[in-house]
Amino acid sequence: MKSEFGNLKSESVLEIFRAATSKNRISRAEIAKITGLSVVTVGKVADALLSLKILRQTVSLDGVRGRKSRVLSASGSIYIVVYNLATPNYSVHICDLTLRITDTFSYHFNPDYFADENLHFFFEQASRYVSEKINVQKCCGCAILTPGDYDDYTDRVLLPRNPQLTGLALRSIFEEYSFGAVTPVIGDIRRFTAGAVQDTIGKDTSVLCVFLDKQEISSCYLRNGDSSETIRFCKFGNVGASGGKSVEDFICRSANVDQALTVLSNTLYWIFSVVPIDKIVLTGNLYADPGSLTILIRERLAGIRPDQDAQLPEVVGIDCNGAGVHNAAKIIKEKWFLTHILGE
């Protein structure tokens with residue numbers, strides 16, 4: 001751990017860093033309230049983070065008492081870069097330490113080129129864009145979101161839902177245009193999104209999360225309080241439960257979205273008879289129109305609820321791409337802090 005932190009516990013330093021970069025502006029007192037640590041400890045860590053230029057300090061006017069107060073904010077010169085290959089048209093996002101997206105570049109896939117040519121063109125143009133927007137030496141890491149599980153040994157995406165990436169060596173191609181950044185974290189966008197979904201779930205809440213991809217319902221998982229189990233949907237609406245928290249792939253196959261949602265609504269009756277559901281979370285690449293999909297699910301729920309007096313679960317939508325980018329950036333930020341600041 002860097003000498004600026006003295007003999008402070010690394011766990012305390014990490015908690016304060018998380019809290020300090022959770023908002024655009026935050027006071028030491030607010031950080032102490034969030035972390036449960038003393039104001040003295042928060043002050044020592046904040047001063048160290050200021051000296052390392054991870055945080056910066058400004059003075060604001062207290063509107064109630066008419067006095068000046070010191071407010072902390074994340075450095076505006078440290079960035080995280082996230083490449084998204086999970087959509088047909090690739091994109092790259094530049095995030096700051098608060099995980100706010102500051103810049104985005106989109107690449108339109110050209111069907112006249114081979115898939116590997118498109119990927120080369122994207123990384124080349126995206127990396128040039130990133131270099132123009134930020135000081136790449138201030139990039140604390142990058143991530144690549146893929147439409148399927150990534151195998152580090154073969155450097156390939158396994159069973160990608162986007163056939164454009166079949167057989168392509170992602171890391172090898174990326175390294176040609178990586179502007180000297182550290183080796184990226186590569187992974188399925190749905191697994192990154194699942195982390196964002198977990199952030200919306202209360203400790204004692206039963207939540208059914210449904211991933212909608214292309215013409216299909218991928219799998220969902222059900223969380224009941226602190227326990228978690230995977231609920232598998234098959235084409236005919238039969239359900240089988242298995243242990244674990246993994247997000248399975250392509251469980252429900254249908255010709256179109258409406259058929260997939262019909263399977264979901266038919267299956268919900270079975271789920272409700274087993275365990276009450278407090279919230280249904282919809283996410284995935286199909287979730288482009290949150291309002292209409294959410295309304296559709298609510299209508300189907302109203303038609304199949306087993307008990308007319310039962311309260312319908314809350315239906316919420318999470319943008320898969322936005323949540324995936326956010327959670328990937330969060331992982332990169334913490335990995336950078338643990339490795340380069342705390343030396344763990």
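**Helix packing and aromatic pairs**

In this predicted model, the axes of helix α1 (residues 10-20) and helix α3 (residues 39-51) come within 10 Å and cross at roughly 75°. Angles of 65 to 115 degrees count as roughly perpendicular, so that is the label α1 and α3 get relative to each other. On the α1 side, the contact is made by V13, I16 and F17, while α3 brings in T41, V42, V45 and L49. Sorted by class, this α1–α3 contact has six nonpolar residues and one polar residue, with no charged residues at all.

F17 turns up again among the aromatic rings. Ring pairing gives a count of 14 aromatic pairs. For F17 and W336, the ring centres sit 6.4 Å apart and the planes meet at 55°, so this pair goes down as tilted. Since F17 belongs to helix α1 and W336 to helix α9 (residues 320-341), the pair ties together parts that are 319 residues apart in sequence. Both F17 and W336 are buried. Elsewhere on the list of rings, Y83, Y90, Y107, F109, F122, F123 and F174 are linked by ring pairs into a cluster.

Now for the chain as a whole. The protein chain has nine helices and 15 strands, and 50% of its 344 residues count as buried. Its accessible surface comes to about 16500 Å², with 50% of that belonging to carbon and sulfur atoms. As for sequence separation, take the contacts in the protein chain with a separation of 6 or more: residues 24 or more positions apart account for 61% of them.

Technical notes:
Residues are numbered from 1 along each chain as its sequence is written. This is a predicted model: local features need pLDDT of at least 70, side-chain atom pairs count only at pLDDT 80 or more; totals for chains, interfaces and linings use all residues. Side-chain values use heavy atoms; hydrogens and water are left out. Axes are lines fitted to C-alpha atoms, for helices over the stretch in contact, and angles run from 0 to 180 degrees between N-to-C directions. Helices (H or I, at least four residues) and strands (E, at least two) are DSSP runs, numbered from the N terminus. Angles under 35 degrees count as roughly parallel, over 145 as roughly antiparallel, 65 to 115 as roughly perpendicular and the rest as oblique. Contact means heavy atoms within 4.5 Å. Ala, Val, Leu, Ile, Met, Phe, Trp, Tyr, Cys and Pro count as nonpolar, Asp, Glu, Lys and Arg as charged, and the others, Gly among them, as polar. Buried means under 20% relative accessible area, exposed over 50%, partly exposed in between (1.4 Å probe, protein chains only). Accessible areas come from the Shrake-Rupley method with a 1.4 Å probe; for residues, only the protein chains shown count as cover. Rings of Phe, Tyr and Trp (its six-membered ring) pair if their centres lie within 6.5 Å; planes under 30 degrees apart count as stacked, over 60 as edge-to-face and the rest as tilted.
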